[in-house]
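Here are some notes for a colleague who is opening this entry for the first time. Please read them with the sequence and the structure side by side.

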Amino acid sequence: MVKQNEQLDKVFGALSDATRRGMLAQLAQGEANISALAAPYDISQPAASKHLRVLEKAGLIKRTKRGREYIIRANPKPAEQARDWIAYYTQFWNAQFDAVEDYLKQQGGEE
């Protein structure tokens, strides 16, 4: 369980940055090299590489070396795990809010 929580922390940390989310959105369209991923942003290639390392540590991307360049591909599995975590707690909190609402209705009816 602790390892799963650490992985979720990495995924949410990686997704907390707009540039990294943008890079993932690009990769949703297909694989790309580092230069193509950096092009829409006003950042250097080393800065783009740092963003990609964060995504890679979170498991959200995979790199493959082709010749002299790295080809980056999205890995949806960690994002799916984060989605499942969010869905579970969304359901949990909605149930809690429904219970509070029912309680308040009962209390209001007795006054």
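1. A charge is said to sit over a ring if NZ of Lys or CZ of Arg is within 6 Å of the ring centre and within 35 degrees of the ring normal. By that rule the charged end of Arg63 sits over the ring of Tyr70, at 5.9 Å from its centre.

2. The model is predicted, so local features need pLDDT of at least 70 and side-chain atom pairs count only at pLDDT 80 or more, while totals for chains, interfaces and linings use all residues. Residues are numbered from 1 along each chain as its sequence is written, and side-chain values use heavy atoms, with hydrogens and water left out.

3. A search of the whole structure finds 5 salt bridges, a salt bridge being a side-chain nitrogen of Lys or Arg within 4 Å of a carboxyl oxygen of Asp or Glu. In one of them the side chains of Arg66 and Glu31 meet at 2.8 Å, N to O; because Arg66 lies in strand β2 (residues 61-66) and Glu31 in the loop between α2 and β1 (32-33), this pair ties together parts that are 35 residues apart in sequence. Strands (E, at least two residues) and helices (H or I, at least four) are DSSP runs, numbered from the N terminus.

4. Glu31 also meets Arg73 in a salt bridge of 2.9 Å, N to O, and here the link runs from the loop between α2 and β1 to strand β3 (residues 69-74), 42 residues apart. Glu31 is partly exposed, with a relative accessible area of 38%, where buried means under 20%, exposed over 50% and partly exposed in between (1.4 Å probe, protein chains only).

5. What is the place of Arg20? Arg20 belongs to helix α2 (residues 18-28), and leaving aside its neighbours within four places in sequence, Arg20 is in contact (heavy atoms within 4.5 Å) with Gly13, Ala14, His51, Val54 and Leu55. Arg20 is buried yet has no salt bridge, and the nearest side chain of opposite charge, Asp17, is 4.4 Å away; for charge, Lys and Arg count as positive and Asp and Glu as negative, with His and the chain ends not counted.

6. The whole structure holds 4 aromatic pairs, in which rings of Phe, Tyr and Trp (its six-membered ring) have centres within 6.5 Å, with planes under 30 degrees apart counted as stacked, over 60 as edge-to-face and the rest as tilted. Among them, Phe12 and Trp85 are edge-to-face, at 5.6 Å centre to centre and 65 degrees between the planes. Phe12, Trp85, Tyr88 and Tyr89 form one aromatic cluster.
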